[in-house]
Amino acid sequence: MVVNIGLIGVGAIGKVHIERIQNRISGAQVVAVCDLPKKEAETKKIAKAIGAEYFADGFELIKSDKVDAVVITTNDPAHPQYTLAAIEADKHVFCEKPMAVDPADCIKVMDAEMKHGKRLVQVGFMRAFDRGYDEVKAELDSHKYGEPLLLHCTHRNPSVGTEYDTPMAVENTAVHEMFTLPWLLGENFISAKVTLPRKQTRNTHSNLHDPQMIYLETESGVLVDLEVFVNCQWGYDINCKVVCETGELSLLDPHYHEVKTANKDSVPISEDWSDRFVQAYDTEFQSWTNSVIADKTSGPSAWDGYCASVSTAAASKSRETGKTEPINLIDCPNPEFYGVSKNKESV
Ligand SMILES: NC(=O)c1ccc[n+]([C@@H]2O[C@H](COP(=O)([O-])OP(=O)(O)OC[C@H]3O[C@@H](n4cnc5c(N)ncnc54)[C@H](O)[C@@H]3O)[C@@H](O)[C@H]2O)c1
Ligand SMILES: O[C@H]1[C@H](O)[C@@H](O)[C@H](O)[C@@H](O)[C@H]1O
């Protein structure tokens, strides 16, 4: 079986995922694409190049008989409306992160999915498919180094555009860690605090405070510091160090060569997310395609999307109040449906 995919939002990652689906994923092809009217000419050109149908309206694309499953790669605000429409149309849907910025929208998605009776939603938290994170998780799960105590993380982008503002550092960028770190540790966060250093980089713009520091605490008391610095200039630099009782586990940036010359030894740093996480995205999409064919979605769920959004909402609130804010999750409405082992813990 070949899954016929309709993709909404042919921007930066939309194009990268189209290339991935057409050339590197088996069992799937893009048959329909859609974007906003202002991008009609470009979207039609992309449709023609891959032999797909152009849709001017995302809801029509979702309803089309030609489309078996939906990929949402629009900007964040449009994610929940299209996810809900895909559930309504009984179609599997891969939605890029965040599932929704507002936790209330995540609850609407969960309610619709549970009412529908089977999992249809996978959220684009691709770090769960990254070899580096996977190996760190395996080491942690082995308990060979004792219990995790502290995590030191950085999430750095070389630069961002002027449409990227202060809240996006948490809601669009740190949301990756808000999913990945609880997944890594097997427990949820209970509080968040955001601190803005008085001194900012000269490479930012008036609507963006950059960098920002986020402090998080988990249920068992593990402390996390996370630096979000999205105009760092030197590359796409993702780091995660887990300090355990008798060892330190570190994520490494994958690189495949080094240069030794003139008394220097250097290794390249990834340029952007598409390069740093290429293996993770490929594995994520192959796994999603296989699960659509089996009619059994299993990757990061709407519940995971909800937990991450509650954490980002608490962090955003902390930036405004200057206080440590609690991360209060509802009890998982259906732990069996969402593969959650304890009341709140995702597996
Ligand atoms: N998983 C990852 O690492 C990763 C990496 C990059 C982007 N993303 C996510 O992917 C999404 C897109 O990011 P991007 O960098 O490609 O942004 P982008 O701005 O380059 O592209 C977004 C596209 O969506 C279109 N769009 C916006 N609203 C729409 C609507 N209502 N209907 C149809 N089309 C609409 C825009 O016109 C644009 O072409 C974001 O949600 C982002 O968080 C995830
Ligand atoms: O949408 C992108 C994407 O999620 C990247 O992985 C992240 O590093 C960026 O900060 C974000 O803007």
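## Surroundings of Tyr-54

Leaving aside neighbours within four places in sequence, Tyr-54 is in contact with Val-33, Thr-43, Lys-44 and Ala-47; two residues are in contact if their C-beta atoms, placed from the backbone, lie within 7 Å. The model is predicted, so local features need pLDDT of at least 70 and side-chain atom pairs count only at pLDDT 80 or more, whereas totals for chains, interfaces and linings use all residues. Residues are numbered from 1 along each chain as its sequence is written, while chains are lettered from A and ligands numbered from 1 in the order in which they are written.

Tyr-54 belongs to strand 3 (residues 53–55). Helices (H or I, at least four residues) and strands (E, at least two) are DSSP runs, numbered from the N terminus. Because Tyr-54 has 16 C-beta neighbours inside 10 Å, this residue counts as partly exposed. On that scale a residue is buried if 20 or more other C-beta atoms lie within 10 Å of its own, exposed if 12 or fewer, and partly exposed in between, with C-beta atoms placed from the backbone. Asp-35 is 19 residues from Tyr-54 along the chain, and their C-alpha atoms are separated by 8.9 Å.

## Surroundings of Leu-84

Leu-84 is located in helix 4 (residues 79–88). With 20 C-beta neighbours inside 10 Å, Leu-84 counts as buried. Not counting residues up to four places away in sequence, Leu-84 touches Lys-108, Val-109 and Ala-112. Between Leu-84 and Leu-252 there are 168 residues of separation in sequence and 37 Å in space, C-alpha to C-alpha.

## Overall fold

The protein chain contains 10 helices and 15 strands. Its radius of gyration is 20 Å, which agrees with the value near 20 Å that a compact globule of 347 residues would have; the radius is taken over C-alpha atoms, and the globule rule is 2.2 Å times the number of residues to the power 0.38. Along its principal axes, the C-alpha trace spans about 55 × 55 × 40 Å.

Of the 347 residues in the protein chain, 43% are buried. Among contacts between residues at least 6 apart in sequence, 70% join residues at least 24 apart.

## Domains

Two segments make up each domain of the protein chain: domain 1 is 3–127 + 280–301, and domain 2 is 137–271 + 305–326. These bounds come from an automatic or database domain assignment. The domain centres, taken over C-alpha atoms, are separated by 27 Å. The contact between the domains takes 15 residues from domain 1 and 13 residues from domain 2.

On the side of domain 1 that touches domain 2, helix 5 (residues 103–116) gives the most, with four residues. By class, that side of domain 1 has 11 nonpolar, no polar and four charged residues. Here Ala, Val, Leu, Ile, Met, Phe, Trp, Tyr, Cys and Pro count as nonpolar, Asp, Glu, Lys and Arg as charged, and the others, Gly among them, as polar.

## Strand pairing

Strand 7 (residues 148–156) and strand 11 (residues 237–244) run antiparallel and are joined by eight bridges; strands pair if DSSP finds at least two bridges between them. Within this pairing, Thr-154 has Asn-239 of strand 11 as its bridge partner. Strand 7 also pairs with strand 10 (residues 223–229), in the parallel sense and over seven bridges. Arg-156 stands opposite Phe-229 of strand 10.

Strand 11 pairs in the antiparallel sense with strand 12 (residues 248–250) over three bridges. A hairpin of three residues joins strand 11 to strand 12, and Val-242 stands opposite Leu-249 of strand 12.

## Ligand shells

Ligand 1 has 23 residues around it, of which Gly-9, Gly-11, Ala-12, Ala-78 and Glu-96 come nearest. A residue is near a molecule if its C-beta atom, placed from the backbone, lies within 6 Å of it. Helix 1 (residues 12–23) supplies the largest share of this shell, three residues. By class, the shell around ligand 1 has nine nonpolar, nine polar and five charged residues.

The residues around ligand 2 are Asn-157, Asn-172, Thr-173, His-176, Val-230 and Trp-273. Helix 7 (residues 168–185) gives the most to this shell, with three residues. The shell around ligand 2 has two nonpolar, four polar and no charged residues.
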